[in-house]
Amino acid sequence: MAPVPCKVRHARRGDVQVILELIRELADYEHELDAVEATETTLSSTIAFAPDGVESTSTAPNTESTSPSKPARCLLLLNEEDKPAGMALYFYNYSTWRAKAGIYLEDLFVRPTDRKKGYGKKLLVELAKEVVASNGGRLEWSVLKWNEPSIKFYESIGAKAMNEWVGMRVDREGLTKLASL
């Protein structure tokens, strides 16, 4: 299947409404819509955006600087009609064993009407290009165990399941409690 023409660019501040829409659509797909706490205001203050009218690509990111309070970047994919069809929201991580930076893909989402066009692969290719261009060590993400179509897709492009690892998280009251120990 030849990929359908599309354009990938870093999100701009004016894209925050569509980013929130895509996050909510992803959460609905994952049966977690009620868990979304993100707002346009919180996304605006935590994503490093590209300036309006400036080219910003995966191999030459031209966005606001990332920082502890603004850790994320977002690639938007525009379909053949120049409408937002998907996104890859990510941040930088670090491998101590390799002593190299990498990318952690927090969310990858392509709207159902735009699936089967090569868009998910295109977003992952762009992220891989950014890792390679920065001499990074790896591109990582998590996928829900029940999401078999995505798991099969990821394996088809060379991703390997990390079954020997267990994800761990501390949040909300547990985070407050841990911080006070």
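Modeller: Let's start with a charge over a ring: Arg115 lies over the face of Tyr29, 5.2 Å from the ring centre (the rule asks for NZ of Lys or CZ of Arg within 6 Å of the ring centre and within 35 degrees of the ring normal). Before going on, this is a predicted model, where local features need pLDDT of at least 70, side-chain atom pairs count only at pLDDT 80 or more, and totals for chains, interfaces and linings use all residues. Residues are numbered from 1 along each chain as its sequence is written, and side-chain values use heavy atoms, leaving out hydrogens and water.

Now the ring pairs. Rings of Phe, Tyr and Trp (its six-membered ring) pair if their centres lie within 6.5 Å; planes under 30 degrees apart are stacked, over 60 edge-to-face, and the rest tilted. That rule gives five aromatic pairs. One of them is Tyr29 with Trp146, tilted, at 5.8 Å centre to centre and 50° between the planes. This pair links distant parts of the chain, 117 residues apart: Tyr29 is in helix H1 (residues 16–29) and Trp146 in the loop between S5 and H4 (helices are DSSP runs of H or I, at least four residues, and strands runs of E, at least two, numbered from the N terminus). Tyr29 is partly exposed at 29% relative accessibility, and Trp146 is partly exposed at 42% (buried is under 20%, exposed over 50%, partly exposed in between, with a 1.4 Å probe and protein chains only).

Phe153 and Tyr154 are tilted too, because their centres are 5.5 Å apart and their planes at 50°. Phe153 is partly exposed at 27%, whereas Tyr154 is buried at 10%. Together with Trp141, Phe153 and Tyr154 form one aromatic cluster.
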